[in-house]
Amino acid sequence: MSGDSLEEIQKFNNSSSKEETPALSQLIESIAKNGRTSHKWSDVKPFIRFKLEETINKAQFSGTNTKNQTFEQLKLRLLSQFDAFQEAPFTLQRLCEIILGLSAPYSNPHKTLYALEKSLTVTSTISLPNKQ
C-alpha cells in the first residue's frame, strides 16, 4: 500500500463520520489476498473493526442462537473479542475474507456469525510492521 493509503487510514481514524474509500477497500482486499499489510495494526484496526461491525449487522437475526444469545449479545461479544487484540490476530486473512464475502456465501446469518466467531477466538497474533 502506498503513502496515500496511510493518509486515507489516518483520515478515517480521525473522522467522526466513517466513510469507506477505494484505498481503504483495497487495503481489506489486499489483506484478504495475502494476509499482510505494510501498516501498523494500531492504524488499520479501526477500519477493520468498522468493516467487521458492518458485516455483523448484515447478519442480524431475531430470537437467539444455539448458545441462547441474542443478536446484540453476540455482536457485543464478537466486537469485544476483536477489540482485545493488541496485535493482529493470526486469522486476520480469514477475517478479511469473511468481511468481504470471498468464501462461499453462508446460507444463513448464523453461519456467517459462527465463522466470524471462529476467526476471533484465537489467541495467537502476528506482528505487523512498525513503520508508518
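Reader: Why is Phe12 called buried?

Author: Phe12 has a relative accessibility of 4%, and buried means under 20% relative accessible area, exposed means over 50%, and partly exposed lies in between, with a 1.4 Å probe and protein chains only; Phe12 therefore counts as buried. This is a predicted model, in which local features need pLDDT of at least 70 and side-chain atom pairs count only at pLDDT 80 or more, while totals for chains, interfaces and linings use all residues. Residues are numbered from 1 along each chain as its sequence is written, and side-chain values use heavy atoms, with hydrogens and water left out.

Reader: What makes Phe50 count as partly exposed?

Author: Phe50 has 23% relative accessibility, a value that falls between the two cut-offs of 20% and 50%, so Phe50 is called partly exposed.

Reader: How do you know that Phe12 and Phe50 form an aromatic pair, and what makes the pair edge-to-face?

Author: Rings of Phe, Tyr and Trp (for Trp, its six-membered ring) pair if their centres lie within 6.5 Å, and planes under 30 degrees apart count as stacked, over 60 as edge-to-face and the rest as tilted. By this rule the count comes to five aromatic pairs. For Phe12 and Phe50 the centres are 5.3 Å apart and the angle between the planes is 65°, which makes the pair edge-to-face. Because Phe12 belongs to helix H1 and Phe50 to helix H3, the pair ties together parts that are 38 residues apart in sequence. Ring pairs also link Phe12, Phe47 and Phe50 into a cluster.

Reader: What makes a stretch of the chain a helix or a strand?

Author: Helices (H or I, at least four residues) and strands (E, at least two) are DSSP runs, numbered from the N terminus. The chain has six helices and two strands, and from the N terminus on its elements run α-α-α-α-β-α-α-β.

Reader: What is meant by a nonpolar core, and which residues of the largest one touch the most other members?

Author: A nonpolar core is a set of buried Ala, Val, Leu, Ile, Met, Phe, Trp, Tyr and Cys residues joined through side-chain atoms within 4.5 Å. The largest has 33 residues, of which Trp41, Ile48, Leu52, Ile56, Leu95 and Leu113 touch the most other members. Helix H1 (3–14), helix H2 (22–34), helix H3 (41–58), helix H4 (71–83), helix H5 (92–100) and H6 each supply at least two residues of this core, and H3 gives the most, with six. In soluble globular proteins, nonpolar side chains tend to be buried together.
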